[in-house]
Structure formats: C-alpha cells, structure tokens
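Hello,

Here is the structure for you to look through. My notes follow below it.

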Amino acid sequence: MNAHPRSADDADDEIDPDQHPRKLADCRRCGLWRNATQAVGGEGKRRATIMLVGEQPGDKEDLAGHPFVGPAGALLDKALEQAGVSRDAVYITNAVKHFKWQLRGKRRMHKSPAQAEIAACGYWLEQELDDIRPRVIIALGATALGALVPDRKLTLKAALGQSLRRGNTPVLVAYHPSFALRSPDPESRQAAFQTIVEALRRAGRLAGRA
C-alpha cells in the first residue's frame with residue numbers, strides 16, 4: 001500500500017482505455033491501481049459452468065489477492081452450500097479488479113467505482129468471459145449487472161428474477177452478499193440472502209441442462 005495514498009477521487013480522472021496490458025498486474029487503464037495493494041483477478045476452473053460476478057475486491061481481498069475471502073465471501077459460501085453448488089464448480093470474479101476505498105479514521109472503507117472505471121475494467125471481464133465460456137452467469141449486485149447487461153434503465157430491483165441474457169448466455173441477478181450483511185434488520189438480510197441462494201439453485205439447473 002502507498003505510504004501517502006491520494007484520495008480515491010483522484011483515480012476517477014485517470015482513464016486510459018487505449019492501454020492493452022497482457023497481465024492484470026500491469027494494468028494502468030484507470031487510476032485505481034495506485035491505492036490498491038494489488039489487482040485481484042477471478043478464480044475457479046477454466047471451464048466452470050457458472051460464473052459469479054461481484055463488484056470489486058474489498059479490504060481483505062485486496063490484502064489477500066483472492067476474491068470473496070472476507071465476510072461477503074463467507075456469506076457466499078453459506079449460500080453456495082444451501083443451494084447445493086460447490087464453490088469448486090464455479091468461477092468467481094469481480095467487475096472491477098482493484099479495491100477502491102476512502103480512509104475513515106484508520107480503516108479503509110469501500111467506495112463504489114465510477115462508471116468509467118467499470119468500463120475500463122470491462123477489458124478484463126470480457127477476457128474472462130471469453131476464456132471461461134460459462135453456461136450461466138450470476139450478477140451479484142448493481143455494478144455487476146451494469147457491467148454484464150449495459151442498460152441504464154434496468155435497475156437491480158427490477159432485474160431480480162428476470163431472465164436476462166448476454167449474447168446467448170443466461171444472466172441471473174441477485175443482491176451482493178455485502179448488501180445482505182449491511183441490511184438493517186433480520187428480515188431484509190434474509191430476503192437478500194435468499195436471492196443469492198435462489199439464483200445459485202436456478203443456475204445449477206440451467207447449467208445442468210445446457
């Protein structure tokens with residue numbers, strides 16, 4: 001981590017879509033790399049039938065270099081178990097590969113990526129989709145949904161339960177695990193969690209039939 005990180009807002013102005021790096025670690029397509037510990041790519045089997053796409057790595061993922069290893073990852077593991085889907089059978093990634101954060105006291109707090117940063121990182125998401133060729137994709141949260149199905153009129157709430165497509169590939173939509181963790185009461189947390197479980201169950205059925 002940089003000893004004197006600049007504000008996360010500074011990264012918003014450093015978009016260079018003309019860069020075509022071969023390695024994720026070398027990516028400078030936007031400025032988020034400056035304040036992140038490292039880039040965090042996707043993980044899973046190369047021909048996994050289900051791809052899960054979240055927003056961006058969090059603090060623990062940024063430090064560990066692996067996706068979904070923090071509290072949201074623990075909740076995702078619980079959802080996978082309830083849905084009867086093995087984590088080893090899915091490919092897990094994020095729409096944005098660097099942690100965007102702002103300092104609050106001594107803690108690095110999540111800050112939502114800008115649209116230009118999401119678009120810049122689409123370079124890597126496209127490569128993952130081409131490489132994995134999943135039978136089903138699950139968008140976890142609004143950022144992932146926008147990255148996978150660009151439609152500014154489509155809200156996350158409206159997309160829940162819909163049959164969307166990216167080309168010929170079904171896209172299912174659920175809340176992000178972190179949203180379920182942050183929801184203010186047990187009922188809303190359970191409802192958000194259940195969208196993840198149901199999307200995983202449906203993805204398992206679709207992947208088995210494809």
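C27 is buried, with a relative accessible area of 8% (buried means under 20% relative accessible area, exposed over 50%, partly exposed in between, with a 1.4 Å probe and protein chains only). C121 is likewise buried, at 8% relative accessibility. C121 is in no disulfide, and the nearest cysteine sulfur, that of C27, is 6.1 Å away; a disulfide is a pair of cysteine sulfur atoms within 2.5 Å. The count of disulfides is zero by this rule.

This is a predicted model, in which local features need pLDDT of at least 70 and side-chain atom pairs count only at pLDDT 80 or more, while totals for chains, interfaces and linings use all residues. Residues are numbered from 1 along each chain as its sequence is written, and side-chain values use heavy atoms, with hydrogens and water left out.

Helix α2 covers residues 71-83 (helices are DSSP runs of H or I, at least four residues, and strands of E, at least two, numbered from the N terminus). Its buried residues are A72, G73, L75, L76, A79, L80 and A83. Seen down the axis of α2, they fall within an arc of 160°, so they line one face of the helix; the arc is that of the directions from the helix axis to the C-beta atoms. After α2 comes G84, with a positive phi near 75°.

Two residues other than glycine also have positive phi. F68, near 55°, sits in the loop between α1 (59-64) and α2 and is buried, at 4%. R133, at about 50°, lies in the loop between α3 (115-132) and β5 (136-140) and is exposed, at 61%.

Regards

Technical notes: Expected span 1.5 Å × (residues − 1).
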